[in-house]
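Dear colleague,

Please find the structure below, handed over for your review. My findings follow directly after it.

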Amino acid sequence: MEEELKRLSVGEEEQIRTKMFLYFADCPCIPDGVSKKYGEVTSDSIGFFSRQGSGAYTKKYVSGTFEADYPFFLRYRAQPTNNNSRLRAEEILTQIAEWMCTRKNYPVLEGNRTVENIEAGNAYIVAKSDDGSIDYQVNMTLNYMKKGR
């Protein structure tokens, strides 16, 4: 029988969410004039969204060491007018995700937690509006650990 994964506590999720939003907001790939938002996306903005309640411990050891995952996503709302600008919007989101994954100066988490890596999928279209705006999204996961004794 497979062991059920324990969810992260509300406090742990809150701490990670704050650190990851600040990490995302520091990205130099975000174009001028595009706002950075938490939990919402408006015209010409990129939003950081946590998947609250879905972070989980993936491995626990007798020593007290544990590994955990924290999923989140970025969403970019743009108003592209042609194929090139639609492709450019996806490219921008992909560049941001790539920067977050490959930059080795990961955010410092509290309580001896260490970011191991950040993983990202590909950017894709999730919504189109009548006003011509298109929402692009990239799903990401933060993998981290805390060493025990």
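Asn-112 is exposed, with a relative accessible area of 62%; here exposed means over 50% relative accessible area, buried under 20%, and partly exposed in between (1.4 Å probe, protein chains only). The residue is located in the loop between helix H2 (83-102) and strand E5 (113-120), where helices (H or I, at least four residues) and strands (E, at least two) are DSSP runs numbered from the N terminus. Although Asn-112 is not a glycine, its phi is positive, at about 60°.

This is a predicted model, in which local features need pLDDT of at least 70 and side-chain atom pairs count only at pLDDT 80 or more, while totals for chains, interfaces and linings use all residues. Residues are numbered from 1 along each chain as its sequence is written, and side-chain values use heavy atoms, with hydrogens and water left out.

Asp-44 also has a positive phi, of about 50°, without being a glycine. It belongs to the loop between strand E1 (35-38) and strand E2 (45-50), and it is partly exposed at 35% relative accessibility.

Thr-58, in strand E3 (residues 56-60), is partly exposed as well, with a relative accessible area of 30%. Its C-alpha atom is separated by 25 Å from that of Trp-99, 41 residues apart along the chain.

Among the buried residues of H1 are Ile-16, Met-20 and Phe-24.

Yours sincerely
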